[in-house]
Amino acid sequence: MAAEPAFASRAATLCLKWQSSSSINSNKFQTSKLLLFSRLRSSHSLDDENKDYKQLGFFSLKKKIEDAVLRAEMSAPTALEIEEARQIKQEEMMRECNLWEDPVKSHEILGRFADSAKAIDALKDLKYKAEEAKLISELVEVEGINYQLFDQAYNASLDVNKFLDQYEMAKLLKGPFDKEGACVIIKAGSDGVNSEIWAEQLLNMYIKWAKKLGYKSRLVEKHPSVTGYGGIQLATIEFEFECAYGYLSGERGIHLMINSQNGSVHYEEISAYVDVVPLFLGTSVDIEIDDKDLIISSLLLRGEKNSAEPTVCIQHIPTSISVQSSGERSQFANKIKALNRLKAKLLVIAEELKLSDVSSIKDTIMDVCYAETRRYVSHPYKMVQDVKTGIQLPDLNSFLDGNIEPLIGAHIRIRHTS
């Protein structure tokens with residue numbers, strides 16, 4: 001009770017100071033004084049108020065930890081049982097068949113066995129992280145809040161959710177090339193320097209996405225703009241990890257940046273093209289293309305000086321598809337790389353058209369790279385609108401910073417249901 005007079009005195013002093021420095025009318029003053037007095041009574045001090053806010057943050061994080069732990073407890077044991085049963089079945093297949101007689105089949109069986117082993121190890125680690133987060137959360141309730149220790153539990157819960165998201169998405173990847181790596185080619189549109197700057201933003205977006213998730217990527221070629229204002233004419237990234245193609249194949253197409261200048265009703269559309277082809281990991285592309293169906297040439301992009309290893313361009317006459325490579329050390333290596341990209345692209349087209357052989361692709365086709373995929377609105381409001389899924393996201397800056405998982409997951413789910 002002794003604290004009450006001191007508290008009242010402090011409230012009165014603060015209210016008088018506020019009154020002497022305020023110029024608003026008396027009614028507003030009385031209302032604000034009552035609000036201030038009430039606020040002081042509820043918190044007694046700014047330190048106490050900050051502590052209240054910190055407690056609110058603590059309970060919010062605690063709820064997120066509990067949700068992640070519950071998700072792991074419901075999902076991980078079943079997933080672990082499935083993977084262990086699959087591994088036992090694969091061990092039986094390895095004992096029953098002669099791996100030396102059929103190298104192709106043995107490679108497939110050993111690959112599946114290795115995938116199951118990695119999944120089992122990851123799920124066991126997941127269970128450990130979930131148990132660790134749960135234990136820390138329970139200890140906090142008993143022994144008081146240790147925010148550093150609690151932060152450790154929260155980070156563990158983030159890892160749990162991240163792994164489960166990736167595990168569940170990977171299980172939806174059923175396509176013939178979904179487990180392969182990915183080669184992403186980004187090309188500026190025909191809108192001059194703005195398109196080249198926009199193409200570089202997309203390049204950075206994909207690199208940041210891979211880095212945040214701990215994926216391996218390699219920038220194999222980059223042709224800068226010659227305007228002096230920044231940007232790129234063309235760039236190619238290779239993502240050398242399993243399921244990269246399954247994750248990124250939905251990115252194929254035209255990406256439009258839309259904005260309005262100075263409040264004008266006319267909108268400016270800036271385009272860049274993104275193509276995604278499988279990057280075969282540990283295997284070669286086993287198809288033959290008749291040499292008479294190919295036009296192989298060397299070219300220099302706009303503004304490039306003479307080079308000992310210029311860009312190698314290969315055009316496939318029956319389909320009018322062109323691919324190129326310039327990131328290797330020799331012209332011969334660039335030719336092999338470009339040919340592999342062409343073969344991979346033809347395999348994807350044959351699969352999409354339900355053709356048994358790439359030689360059946362005879363007519364000139366509309367390259368899927370030139371279908372609109374996504375719109376990015378920067379002015380007068382900010383939004384990302386995905387054409388394929390119809391999903392709209394309000395945080396453009398976060399998306400361009402590499403947080404593209406929501407739309408990647410949406411593309412995978414649509415392909416799975418269709």
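**View 1. Pro380 sits in the loop between strand E9 (372-377) and strand E10 (383-386).** The peptide bond that joins His379 and Pro380 is cis, with omega at about 10°. Strands (E, at least two residues) and helices (H or I, at least four residues) are DSSP runs, numbered from the N terminus. A word on what you are looking at: this is a predicted model, in which local features need pLDDT of at least 70, side-chain atom pairs count only at pLDDT 80 or more, and totals for chains, interfaces and linings use all residues. Residues are numbered from 1 along each chain as its sequence is written, and side-chain values use heavy atoms, with hydrogens and water left out.

**View 2. Ser320 is not a glycine, yet has a positive phi of about 65°.** Look for Ser320 in the loop between strand E7 (311-316) and strand E8 (321-325). Ser320 counts as partly exposed because its relative accessibility is 40%; buried means under 20% relative accessible area, exposed over 50%, and partly exposed in between (1.4 Å probe, protein chains only).

View 3. The expected span is 1.5 Å times one less than the number of residues in the helix. Lys354, again not a glycine, lies in the loop between H8 and E9. With 68% relative accessibility, Lys354 counts as exposed.

**View 4. The largest pocket holds about 1700 Å³ of space.** Helices H3 (46-96), H4 (103-143) and H5 (147-172) are the elements that give two or more residues to its lining. H4 provides the largest share, 10 residues. Of the 35 lining residues, Gly111, Asp115, Lys179, Glu242 and Cys243 lie nearest the centre of the pocket. Domain 1 (54-172) and domain 2 (181-417) both contribute to the lining, so the pocket lies between them; the domain bounds come from an automatic or database domain assignment. On a 1 Å grid over the protein atoms alone, a pocket is an open set of points where a 1.4 Å probe fits, with protein on both sides within 12 Å along at least five of seven lines, and lining residues have an atom within 4 Å of a point. Points are joined across faces, edges and corners, and the volume is the space filled by probe spheres set on them.

**View 5. Helix H10 (residues 405-417) has buried residues.** They are Leu407, Ile408, Gly409, Ala410, His411 and Ile412.
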